[in-house]
Every structure is written in structure tokens, then in C-alpha cells.
Amino acid sequence: MPRKKLLRNPKYMTKKQIYNDDRYLAAREECFRRAGGWCQECRRYGRKTDATIAHHIESVEEHPEKAFMVSNLRAVCDGCHNKEHPEKGGSRGRRR
């Protein structure tokens, strides 16, 4: 496979390359547009919080082929994104 094609295939890209790719940036913008700029998780509970992150529903590590799919993105705020990732210090699943 030609080198240029490998660099465009998310299976062979680093996370940093994926998040800087024009295809991801376009999908991210579409995700925010569809959500009206609001956090989709907070909206479930009647709160209006600005979305700041396009969260991958199925992780890029496990499903790189879905890295640029709008249907695999949810617009969320920082707090809700942290809850989605208890392994990164979020509070979901952690007992106090």
C-alpha cells in the first residue's frame, strides 16, 4: 500500500494525527451543529451546558475505522466527558 494512503487510513494514524485531520474536524463541527452547541448528556436532564468535546462513542483505539463518523460522536461538556472516562480520573464508577 502506498505510504500516502497509509497516512490517510485512521488504522495507521496516531490519536494526535486523527484529531488534527480535516475529516475529524469536519465531523466534530457537524456533531456540534446537530446538538445545537449543547451537551447531549446534560440535555437529558434538562440542563443547558455548552458542549466543548466531541466524544467518540466507540473509542478510536478499538474502532479506528469509526474515527471520522459523525454517528460515532456525541457533543458533551468537560464534566460529562470526564464521567465517561473513569480510567482517566472521571467520577463515573468511582466510589466515595
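Hi everyone. In the largest pocket of this protein, the biggest share of the lining, four residues, comes from β1. Before I go on, this is a predicted model, where local features need pLDDT of at least 70, side-chain atom pairs count only at pLDDT 80 or more, and totals for chains, interfaces and linings use all residues. Residues are numbered from 1 along each chain as its sequence is written, and side-chain values use heavy atoms, with hydrogens and water left out.

Back to the pocket, meaning an open set of points on a 1 Å grid over the protein atoms alone, where a 1.4 Å probe fits and protein lies on both sides within 12 Å along at least five of seven lines. Its volume, the space filled by probe spheres set on the points, is about 320 Å³. Lining residues have an atom within 4 Å of a point; there are 19 of them, with Y19, H55, H56, H81 and H85 nearest the centre. At least two lining residues each come from α2 (15–20), α3 (22–34) and β1 (53–56). By type, the lining has six nonpolar, six polar and seven charged residues, where Ala, Val, Leu, Ile, Met, Phe, Trp, Tyr, Cys and Pro are nonpolar, Asp, Glu, Lys and Arg are charged, and the others, Gly among them, are polar.

Now the fold. Five helices and two strands run in the order α-α-α-α-β-β-α; these are DSSP runs, H or I of at least four residues for helices and E of at least two for strands, numbered from the N terminus. Of the 96 residues, 30% are buried, that is, under 20% relative accessible area with a 1.4 Å probe, protein chains only.

As for I18, leaving out residues up to four places away in sequence, it touches P10, M13, Y24, V60, A67 and F68, with contact meaning heavy atoms within 4.5 Å.

C77 is in none, and its nearest cysteine sulfur, that of C80, is 3.6 Å away. C77 is buried, because its relative accessible area is 9%. Thanks, everyone!

Methods. A disulfide is a pair of cysteine sulfur atoms within 2.5 Å. Buried means under 20% relative accessible area, exposed over 50%, partly exposed in between (1.4 Å probe, protein chains only).
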